[in-house]
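Welcome! Have the sequence and the 3D view open side by side, and let us walk through this fold together.

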Amino acid sequence: MAALILRQQSLFWARGASHRCFSAGASHGDMVLSHPSTVDHYESSERGRIVCITSGKGGVGKTTSAASFAFGLASRGHKTCVVDFDIGLRNLDIHLGMERRVIFDFVNVLLGECTLNQALIKDKREPMMSMLAASQTRDKESLTVDGVEKVLADLSQQFDFVVLDSPAGIESGARHAMYFADDAVIVTNPELSRFHIIKIKKSRNGGERDKISNPDIAITRYDPVRAEAEESLAIADIEELLGLPVVGVIPESKSILTCTNLGQPVITLGEEDQAAGAYSDMVDRFLGEKKELRYVTPEPVSFFKRIFG
């Protein structure tokens with residue numbers, strides 16, 4: 001619900017296309033966002049999608065999800081840039097193992113202290129993915145609508161997908177990340193307390209922007225045993241509370257912390273790891289492929305385990 005303000009209904013696209021781009025509507029006005037934006041004011045009507053990964057509260061695995069989501073898009077042949085919007089508190093570079101390679105950052109680009117290409121860092125594992133780091137020394141007041149607009153306009157011309165790792169909550173960085181997004185994935189844990197701030201964000205949306213017609217939910221740290229025992233929210237409960245479709249369910253996994261410490265996106269572990277497989281499925285569903293949710297039911301307990309524990 002935090003992202004219901006994001007998508008421009010005057011622009012349309014088809015899920016499952018090999019390259020998502022906007023198509024012109026019946027008139028030139030259909031190509032203009034509801035704010036004065038240069039993002040769409042290019043000679044070509046085609047540009048990359050801007051996807052905001054957001055959450056109501058921190059600590060739900062948003063940056064972990066953004067890193068794996070972007071890596072998954074890139075590994076499927078989509079040129080992808082992932083952008084850290086958490087000005088002053090950056091950590092996306094750590095999740096990607098790029099912290100020692102950051103020379104210039106988002107704010108340097110905004111202030112004209114370097115070019116965009118100088119600030120972009122290409123992933124050594126996946127050549128189709130790049131990262132734009134957030135500033136560690138500036139505050140969020142450095143962000144301006146015009147500045148962010150120009151950077152995202154340039155990125156959307158270079159990349160098929162621009163994935164924005166938004167700060168949690170409703171502060172300036174989150175608002176700037178959501179303002180220009182075409183799609184949104186809201187990351188949450190199966191805990192009731194996580195949904196209160198999402199409802200607050202919905203109530204503060206106002207009427208200035210068109211709404212995203214189909215934001216998605218990604219549920220992290222899901223434990224089907226606890227859900228079955230009613231110790232946490234089940235998937236059906238979350239869908240009913242938020243009224244939004246679930247694009248991915250990521251099971252609780254020790255490998256997530258290990259990958260964070262190693263600077264490695266979880267999705268790189270491959271199908272042998274449940275969390276990696278779940279992130280891979282999430283990317284496929286976002287791209288339009290129909291896949292059943294995995295790891296959402298308790299594994300059968302063997303006869304001997306029931307007896308001996």
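Leaving aside its neighbours within four places in sequence, which residues is Ser-135 in contact with? They are Asp-86, Ile-87, Gly-88, Leu-89, Arg-90, Asp-105 and Val-107, where contact means heavy atoms within 4.5 Å.

Before going further, a word on what you are looking at. This is a predicted model, in which local features need pLDDT of at least 70 and side-chain atom pairs count only at pLDDT 80 or more, while totals for chains, interfaces and linings use all residues. Residues are numbered from 1 along each chain as its sequence is written, and side-chain values use heavy atoms, with hydrogens and water left out.

**Around Ser-135**

Ser-135 sits in the loop between strand E4 (129-132) and H5. Helices (H or I, at least four residues) and strands (E, at least two) are DSSP runs, numbered from the N terminus. Because its relative accessibility is 1%, Ser-135 counts as buried; buried means under 20% relative accessible area, exposed over 50%, and partly exposed in between (1.4 Å probe, protein chains only). Its side chain also makes polar contacts: the side chain of Ser-135 reaches the backbone nitrogen of Thr-137 at 3.3 Å, and a polar atom of that side chain lies 3.1 Å from the backbone nitrogen of Arg-138. A polar contact is a pair of N or O atoms within 3.5 Å; within protein, one must be able to donate a hydrogen and the other to accept it, and residues adjacent in sequence count only if both atoms are side-chain atoms.

**The whole chain and two of its helices**

Stepping back, the protein chain has 12 helices and eight strands. Of its 309 residues, 54% count as buried. Among contacts between residues at least 6 apart in sequence, 76% join residues at least 24 apart.

Take H1 as an example. Its 14 residues should span 20 Å at 1.5 Å a residue, and its end C-alpha atoms are 20 Å apart, which agrees. The expected span is 1.5 Å times one less than the number of residues. In H1, 13 of the 14 residues are buried, so this helix is largely enclosed by the rest of the structure. Just after H1, Gly-77 takes a positive phi of about 95°.

Helix H5 (residues 145-158) has 14 residues and reaches 20 Å from its first C-alpha to its last. Its buried residues include Gly-147, Val-148 and Glu-149.

**Aromatic pairs**

Rings of Phe, Tyr and Trp (its six-membered ring) pair if their centres lie within 6.5 Å; planes under 30 degrees apart count as stacked, over 60 as edge-to-face and the rest as tilted. By this rule the count comes to four aromatic pairs.

Phe-69 in helix H1 (residues 62-75) and Phe-286 in helix H11 (residues 274-286) are 217 residues apart, so to speak of their pair is to speak of a link between distant parts of the chain. Both residues, Phe-69 and Phe-286, are buried, and together with Phe-161 they form one aromatic cluster. Phe-85 lies in the loop between strand E2 (80-84) and helix H2 (92-95) and Phe-106 in helix H3 (residues 106-110), so their pair ties together parts that are 21 residues apart in sequence. Phe-85 and Phe-106 are buried too.

**The nonpolar cores**

A nonpolar core is a set of buried Ala, Val, Leu, Ile, Met, Phe, Trp, Tyr and Cys residues joined through side-chain atoms within 4.5 Å. The largest one has 38 residues, and Ile-53, Phe-69, Leu-96 and Met-131 have the most contacts inside it. Among the elements that give two or more residues to this core are H1, E4 and H11. A second, separate core of 29 residues includes Ile-50, Val-109, Cys-114 and Val-151.

Asp-165 lies in strand E5 and, at 1% relative accessibility, counts as buried. Leaving out residues up to four places away in sequence, Asp-165 touches residues including Lys-62, Asp-84 and Phe-85.

Glu-230 is in the loop between helix H8 (224-228) and helix H9 (235-242). Its phi is near 60°, a positive value in a residue other than glycine, and at 72% relative accessibility Glu-230 counts as exposed. Tyr-295, in the loop between H11 and helix H12 (303-308), has a phi near 60° and counts as partly exposed at 21% relative accessibility.
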